[in-house]
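Please keep the sequence and the model at hand while reading.

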Amino acid sequence: MSTIAAISTPNAVGGIAVIRISGENALAVAEKVFRPYGDKKVAAMQGYTCAYGIAHDNGERIDDCVLTVFRAPHSYTGEDTCEISCHGGLYVSKRILRAVLKNGAVSAEAGEFTKRAFLNGKLDLTQAEAVMDVISARGEAELRMAEQLREGAAFKKAHACSDRLLKLLSGIAAWTDYPDEDIPEIEPTAITAELTEIRGELSSLIRSYDSGRILREGVATAIVGRPNVGKSTLFNCLSGCERSIVTDIAGTTRDVVEETVRLGDIVLRLSDTAGIHDTQDIIEGIGIDIAEKTARNAELVIVVFDGNCPLSADDFALIEKFNNKKCIAVINKTDREQLIETDILNDKFIHIVYISAKNSEGIEQLESAVKELFEINPDSISVATAANERQKQCIERVISSIDEGIKVIETSEMYDALNVLLDEAEQSLLELTGEKITEAVVNEVFSRFCVGK
Ligand code: GDP
């Protein structure tokens, strides 16, 4: 395999930049571009050691650097790896990379270091995928979930299930293929019980998938309400900046204003929309149509009411409009006298939150309501969970084969058919962990990575 190199730090100015080189000639390449101070020799450096020296291009000094050496197999990729840490200027790091490429390395593709770690057995595929999730984590919950996967939580569970399936398969095969031998019969009830248990273990990997996805991708959220109830004030309060125009004049927000905001552990992909009400104004009408469409496409609709006014005809129309969606009613302006008929809203909404958007009060209650609605709790964060659609689909295929297997054994006791189904289940488990997978899938997984990782 070729020796690859890339800048592993962001394409920006910073304190330091790291140029990573991996492959069987990593040390030879490093030796050509890095000269240690003193009498150290790069080729003689042990793994996990550093040297201070200069990076140069054919003798022309580029920068003072530190070279760190990792010897195969004790490196991230499993290959000999060198990392040159230089000053974090864009030109300096690129200049050193150019020298490295001139001296025998080739440019690494996106995710190629992690792909090599996978191919060299340092990581299974679920752990490799988790590396990218760790990098993209925007908060504590996302990071904790990604770390679990990186530590192999899903892999260990899938592996244990795979071992149990193989044991079952070999037991059935021994018994059916060698009827003359003295092999004890496996009771159909014992097979069903074992399969049901394996199924349960695997189901737990996808049970929290939706809450995990919500934590990773955020919730597409529309803030709706009639004009002047405080939608833009709430939007600004959540986003922490003045993005939406707040005035007493009805119909100020005509377009959809969008922002990604963090509400505790949860990320909301927030859209502030035009006030929905009966209007003759053509332009405002267009804004209202867009608002309704945005809300219909959202995963969560926050319907805002003005607690300082009795419910109006427009409010009543809104209550009915989104009752088939995941909804939270927000009663705003709690700092003023409360004239709204809360008993009517209590009948219509399961989740009602009282806030003063102007004073940023009640936001924690809003966070709790979102968590309750999307079933996000410490359990959904702490259990091992499928991290993406690929993993989820593999697990669903295993479960479906097991379900069919249970049906076969309960209705016909056709062991040949059962063997085929359990073999299918086993193949899908191997696909999940990457132990048996096509090159196209591997390439697809790693193409989502950044260069240098
Ligand atoms: P929108 O049309 O629904 O987006 O409403 P705005 O956010 O533009 O707010 C309309 C008016 O209500 C503005 O004068 C805000 O200052 C006021 N407002 C918004 N939230 C509150 C609140 O919590 N308390 C009080 N007293 N006034 C508020």
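The structure is a predicted model. Its largest nonpolar core has 35 residues, and a second, separate core has 31 residues. The second largest pocket holds about 370 Å³ of space.

**Nonpolar cores**

- Within the largest nonpolar core, the residues with the most contacts are Ile191, Leu195, Leu202 and Leu418.
- Two or more residues of this core come from each of helix 6 (153-177), helix 7 (188-207), helix 15 (389-411) and helix 16 (415-433).
- Helix 15 provides the largest share of this core, namely eight residues.
- Leucine 202 is in contact with Cys161, Ile395, Val398, Ile399, Ile402 and Leu429, when its neighbours within four places in sequence are left aside.
- The second core, which is separate and has 31 residues, includes Ile223, Leu234, Val353 and Leu373.

**The second largest pocket**

- A total of 18 residues line the second largest pocket, and those nearest its centre are Glu129, Met132, Asp133, Asn388 and Arg448.
- The elements that each give two or more residues to this lining are helix 4 (125-136), helix 8 (209-217), helix 15 and helix 17 (439-447).
- Helix 4 contributes the largest share of the lining, with four residues.
- Sorted by class, the lining comprises ten charged, six nonpolar and two polar residues.

**Threonine 126**

- Threonine 126 belongs to helix 4, the helix that gives the largest share of the lining of the second largest pocket.
- Is threonine 126 buried or exposed? Its relative accessibility is 0%, and because buried means under 20% relative accessible area, threonine 126 counts as buried.
- The side chain of threonine 126 forms a polar contact with the side chain of aspartate 124, at 2.6 Å.
- Not counting residues up to four places away in sequence, threonine 126 touches Leu149, Phe155, Arg390, Gln391 and Leu432.

**Glutamate 410**

- Which distance separates the C-alpha atoms of glutamate 410 and threonine 192? These atoms are separated by 7.8 Å, while the two residues are 218 residues apart along the chain.

Terms used
Residues are numbered from 1 along each chain as its sequence is written. This is a predicted model: local features need pLDDT of at least 70, side-chain atom pairs count only at pLDDT 80 or more; totals for chains, interfaces and linings use all residues. Side-chain values use heavy atoms; hydrogens and water are left out. A nonpolar core is a set of buried Ala, Val, Leu, Ile, Met, Phe, Trp, Tyr and Cys residues joined through side-chain atoms within 4.5 Å. Buried means under 20% relative accessible area, exposed over 50%, partly exposed in between (1.4 Å probe, protein chains only). Contact means heavy atoms within 4.5 Å. On a 1 Å grid over the protein atoms alone, a cavity is a set of points where a 1.4 Å probe fits but cannot get out, and a pocket is an open set with protein on both sides within 12 Å along at least five of seven lines; lining residues have an atom within 4 Å of a point. Grid points are joined across faces, edges and corners, and a volume is the space filled by probe spheres set on the points. Ala, Val, Leu, Ile, Met, Phe, Trp, Tyr, Cys and Pro count as nonpolar, Asp, Glu, Lys and Arg as charged, and the others, Gly among them, as polar. A polar contact is a pair of N or O atoms within 3.5 Å; within protein, one must be able to donate a hydrogen and the other to accept it, and residues adjacent in sequence count only if both atoms are side-chain atoms.
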